[in-house]
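Please look over the sequence and the 3D structure below. This report then takes up a few of the features, one at a time.

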Amino acid sequence: MTGITVENIRALAQETINPHTNAPFGRNIRGVAVVDGRVAVDVVTGYPVDRHRQDLIGALETTLLGTDGVSAVTVEVSQQIASHEVQGGLAPLEGVKNIIAVASGKGGVGKSTVAVNLAFALQAQGASVGLLDADIYGPSLPRMLGLTGPPKTPKENVIEPISIEGVQAMSIGVLVDTNQAMIWRGPMATQALQQMLSQTAWHDLDYLILDLPPGTGDIQLTLAQRIPVSGVVTVTTPQAVAVDDVRRAVAMFNKVNIPILGVIENMSTFVCPCCQEETAIFGEGGGQQIASEMALDLLGQIPLNTTLGRSTDTGASLVQSEPESVVGQRFIEVATKVAARLAEQQHNRQVRMPKIKIVE
Ligand code: ADP
């Protein structure tokens, strides 16, 4: 009756498309067992999926239950987050598996809002996460998460991160007087930022989300050369004027060999707070156009949302306070894609260097 074997079930499972990466499961399929038409598959992802396991189970069940001779399918999903390569032979930071930088070509596009919510979204998916606010011109964590200093310094040159609901956070805003820092020259600013990064005692982080200062000037370039970053996401708004800023940011990260994981479009649509209907008030396709022009992935679109806007003044991220809302869910989806994209890099080196056309 059944001609199914472990080998053909393994091949089918490996070819099935993982909805988080849009690529075949491939080597994420580990154990496969077949007994009398009953199939068991073990999946190990390189990114956190606590809330989205069912997506993977569903995709594999659909493929395998549609195969002649398969009567039942059991899928186990677990996660193993690895440390990924960093640029220029830099040494990885102690206690941190991966630094993911969040960058933007200019201020005001919601870079910090995205960074904070990405951190809590990765935590919601089961990762151990830190958040470092290096935006010397407008540190956001003190306001967005109610972070106050000074932090504990258990010994000389060691700064304890401040735990916000389990996310290990540090901000340049709790270490220096930012009114003074605003007028620092580039070398002073980069030195202070680097010192904060290396002296903070991060504890066993899968991901450290780094909120970079906006723009592509000397400070940003120096940080991009000296901080061991596994990948960067750029944040933009849908307006056409943002294209040049993204292009400059992409050129800078290419120059220092930091892989760009993709683009997040913020304030792209409007979700009505009453009926949750989503409207593309600036027209559709802006973020996609930017991403395609630069051969990058559009990782997701975050709606313009009054609760999200207000949440940055209330000391709690929206993902913490409303994880089930449309916007909360969107952040968790985007964070999963970011981490899944990073997990793919070990075996997909093409992602490391997107080709771009620089038009001066
Ligand atoms: P940046 O870090 O790029 O300077 P911020 O994250 O500080 O930007 O955001 C700028 C302002 O826009 C903040 O007041 C924030 O609350 C608001 N904001 C950001 N994203 C959204 C959004 N999707 N919907 C509504 N308000 C937003």
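## Where two helices meet

In this predicted model, helix α6 touches helix α7. From α6, the residues in the contact are Gly186, Ala189, Thr190, Leu193 and Gln194. From α7, they are Ile219, Thr222, Leu223 and Arg226. By type, the residues of this contact split into four nonpolar, four polar and one charged.

Now consider the geometry. Helix α6 covers residues 186-199, and helix α7 covers residues 218-226. Their axes come within 9 Å. They cross at roughly 40°. The crossing of α6 with α7 is right-handed.

## Around the ligand

Which residues come nearest to the ligand? They are Gly108, Lys111, Thr113, Pro303 and Thr312, out of 16 residues around the ligand. The shell holds six nonpolar residues, nine polar ones and one charged one.

First look at Thr113: a polar atom of its side chain lies 2.6 Å from a ligand oxygen. Then look at Val109, where a polar backbone atom is 3.1 Å from an oxygen atom of the ligand. Last, turn to Asn266. An N or O atom in the side chain of Asn266 is 2.9 Å from a nitrogen atom of the ligand. How much of the ligand does the protein bury? On its own, the ligand exposes 560 Å², and the protein buries 80% of that.

## Elements that build the shell

Most residues other than glycine have a negative phi, and most peptide bonds are trans.

Pro150 sits in the loop between α4 (141-144) and β8 (162-164).

The other is Asn257. Where is Asn257 found? Asn257 is in the loop between α8 (242-255) and β12.

Technical notes. Residues are numbered from 1 along each chain as its sequence is written. This is a predicted model: local features need pLDDT of at least 70, side-chain atom pairs count only at pLDDT 80 or more; totals for chains, interfaces and linings use all residues. Side-chain values use heavy atoms; hydrogens and water are left out. A residue is near a molecule or strand if one of its heavy atoms lies within 4 Å of it. A polar contact is a pair of N or O atoms within 3.5 Å; within protein, one must be able to donate a hydrogen and the other to accept it, and residues adjacent in sequence count only if both atoms are side-chain atoms. Accessible areas come from the Shrake-Rupley method with a 1.4 Å probe; for residues, only the protein chains shown count as cover. Ala, Val, Leu, Ile, Met, Phe, Trp, Tyr, Cys and Pro count as nonpolar, Asp, Glu, Lys and Arg as charged, and the others, Gly among them, as polar. Axes are lines fitted to C-alpha atoms, for helices over the stretch in contact, and angles run from 0 to 180 degrees between N-to-C directions. Helices (H or I, at least four residues) and strands (E, at least two) are DSSP runs, numbered from the N terminus. A crossing is left-handed if the near helix is turned anticlockwise from the far one by less than a right angle, and right-handed if clockwise. Contact means heavy atoms within 4.5 Å.
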